[in-house]
Amino acid sequence: EGLIEFYGSFGEMFEFFCKNTTIHGTVRLVCSRSDRLKTALWTLLLLASLAMLCWQLALMLRQFWAYPVVLTMTMHSEPKMFPAVTVCNLDPYRFQLVSEPLQQLDQLAEESLTFLYGAGAAAGLAQPHSGDSPVLVPGLANLSSAFRLSHNFSLVRISQFRAGRKHSSVGFRLCNSTGGNCFFKTYSSGMDALLEWYRFHYMNIMAQLPVIINISQHQEQLQDMVYSCQYDGEPCRPGDYIHFHHPVFGSCYTFNSKGTDPFWTATKPGIPYGLSLILRAQQRDHIPLLSTVAGVKVMIHNHNQTPFLEHEGFDIRPGIATTIGIRQDEVNRLGGNYGKCTTDGADVAVELLYNNSYTLQACLHSCFQHIMVRQCGCGYYYYPLPAGARYCDYNRHPAWGHCFYKLYSRLRNHHLNCFEQCPKPCRESLYKVSAGTAKWPSAKSQDWVRQALRHQNGYNSTSPRRDIAKVTIFYQQLNYQAVHEAPLLSENLLLSGMGSQWSLWFGSSVLSVVEMLELLVDTLVLSLLFCFQRLRAGTSPALDTPRMAQE
């Protein structure tokens with residue numbers, strides 16, 4: 001009893017709290033209790049302040065649990081590695097194994113153009129392919145293909161009346177396995193329809209090739225496409241590039257693909273310190289209807305990254321000198337509750353089909369290919385295959401085109417869950433490019449330029465400026481902008497804001513909160529003591545204890 005003395009009633013406890021607490025306004029409840037009007041007024045004011053405080057705290061907690069972010073930008077200036085650069089000649093191979101089906105496809109395309117637009121539309125399509133023979137690859141010479149070109153996907157012209165006007169389109173018909181569900185893949189442009197129709201047949205033909213083709217022993221060398229390569233004034237070395245073949249963009253070379261060689265360190269900005277290439281842009285018309293573009297496809301990307309040229313590549317016109325200035329931006333995302341991102345793709349549910357580092361496009365392509373194999377029974381030719389799967393062709397899978405175009409339409413409209421399964425990288429570098437062009441070589445210099453290329457690279461063309469291109473890629477400046485995501489409302493800011501609101505409405509501190517907790521504990525203890533007292537009063541003589549002591 002000497003250590004702890006408790007209150008005799010709730011009124012006594014409340015009066016002691018109001019007189020001694022550091023919360024502003026509570027003392028007026030006791031001092032003015034003889035004036036009921038003032039007591040009621042101060043009670044309403046305190047309750048209103050408490051309500052406003054709870055409302056403001058609720059708003060702050062709601063904002064905090066929404067996990068908003070704010071972007072902070074910093075500038076960095078330091079030597080860095082030159083990005084990877086991929087160039088393709090837009091001239092895919094005609095492999096010997098599928099040479100005959102491709103010739104049949106060219107003839108069918110000529111017939112389709114004649115049917116749609118008349119005899120003159122296909123003029124020049126059936127021209128010989130500049131005397132080039134189909135490409136022979138070791139390991140494929142003894143293989144044969146039993147592929148038969150299908151005539152069930154003919155191009156047709158479709159006319160419709162909308163709003164009282166006649167609208168025509170061109171397309172081809174696709175049906176499911178039973179033939180009961182069909183639709184026309186149509187385009188308002190006949191050129192777009194023809195290119196898509198040709199690519200559809202082309203994928204079926206190229207599916208006859210083995211999944212892995214070794215082209216390292218093919219007679220084409222870097223000098224056949226790249227006449228000159230210099231970086232920072234020094235000639236490129238044989239180990240500075242890797243060679244691969246793309247079924248649409250042809251023979252491709254990637255420079256500085258790994259980004260680990262100190263040779264490719266960028267120490268100065270400007271054109272003289274960049275990558276300078278003289279490229280052959282001659283179109284030998286291996287597959288003339290696969291693409292209507294003449295020139296070179298170029299893409300600037302990160303190291304160890306698969307170049308998706310169809311999404312981010314740009315074309316270089318032959319007979320032109322193109323200077324491309326690049327600026328680097330670095331994006332750092334928070335991830336976790338503040339947004340979905342992945343560090344290296346290890347935590348992504350989609351099994352990546354590419355051997356390079358994680359990118360959003362690589363994940364989307366892999367996700368789509370897995371769904372394609374699962375629902376259509378075969379894989380899309382332009383994407384890598386999962387283990388045990390085969391590429392689609394309409395000899396083995398007659399209805400795969402119907403399945404593919406339906407799925408691809410759902411992917412483009414974000415109706416597949418691939419965008420939910422594939423987060424953005426938490427850290428990535430983005431390259432902004434700006435280009436300038438000029439005729440090259442000029443009329444006065446083209447003779448000696450061709451003569452120099454003829455002696456050094458075996459260049460034997462006589463067409464002025466139409467089959468070579470010059471590309472220079474350089475850093476405009478070495479300083480780069482880093483964008484970081486930061487929490488708009490961190491834990492510290494949340495506590496600071498809550499303290500500010502508490503001080504605004506009650507003019508007190510965190511110790512005042514402890515006083516309120518003490519009041520709640522005292523109320524609970526006093527209630528228990530009174531209940532205990534009543535229980536004892538019912539079983540024993542009345543207790544004469546005006547003040548109860550807590551044991």
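What is the handedness of the link of Cys175 and Cys182 about the S-S bond? In this predicted model, the link is right-handed, with 115° about the S-S bond. Cys175 and Cys182 are joined by a disulfide with an S to S distance of 2.0 Å. Cys182 has a relative accessibility of 26% and therefore counts as partly exposed, since that class lies between the 20% limit for buried and the 50% limit for exposed.

The count of disulfides in the model comes to eight. A disulfide is a covalent bond between the sulfur atoms of two cysteines.

A further bridge connects Cys229 with Cys236, with an S to S distance of 1.9 Å. The torsion about the S-S bond of this pair is about -60°, so the disulfide is left-handed. Both Cys229 and Cys236 are buried.

The disulfide of Cys376 and Cys403 places their sulfur atoms 1.8 Å apart. With -80° about the S-S bond, the link of Cys376 and Cys403 is left-handed. The pair links distant parts of the chain, 27 residues apart: Cys376 lies in helix α7, residues 360–376, and Cys403 in helix α8, residues 400–412. Cys376 has a relative accessibility of 14% and so counts as buried. Cys403, at 17% relative accessibility, also counts as buried.

Cys531 stands at 47% relative accessibility and so counts as partly exposed; a residue is termed exposed when its relative accessible area is over 50%.

Key: Residues are numbered from 1 along each chain as its sequence is written. This is a predicted model: local features need pLDDT of at least 70, side-chain atom pairs count only at pLDDT 80 or more; totals for chains, interfaces and linings use all residues. Side-chain values use heavy atoms; hydrogens and water are left out. A disulfide is a pair of cysteine sulfur atoms within 2.5 Å. Buried means under 20% relative accessible area, exposed over 50%, partly exposed in between (1.4 Å probe, protein chains only). Helices (H or I, at least four residues) and strands (E, at least two) are DSSP runs, numbered from the N terminus.
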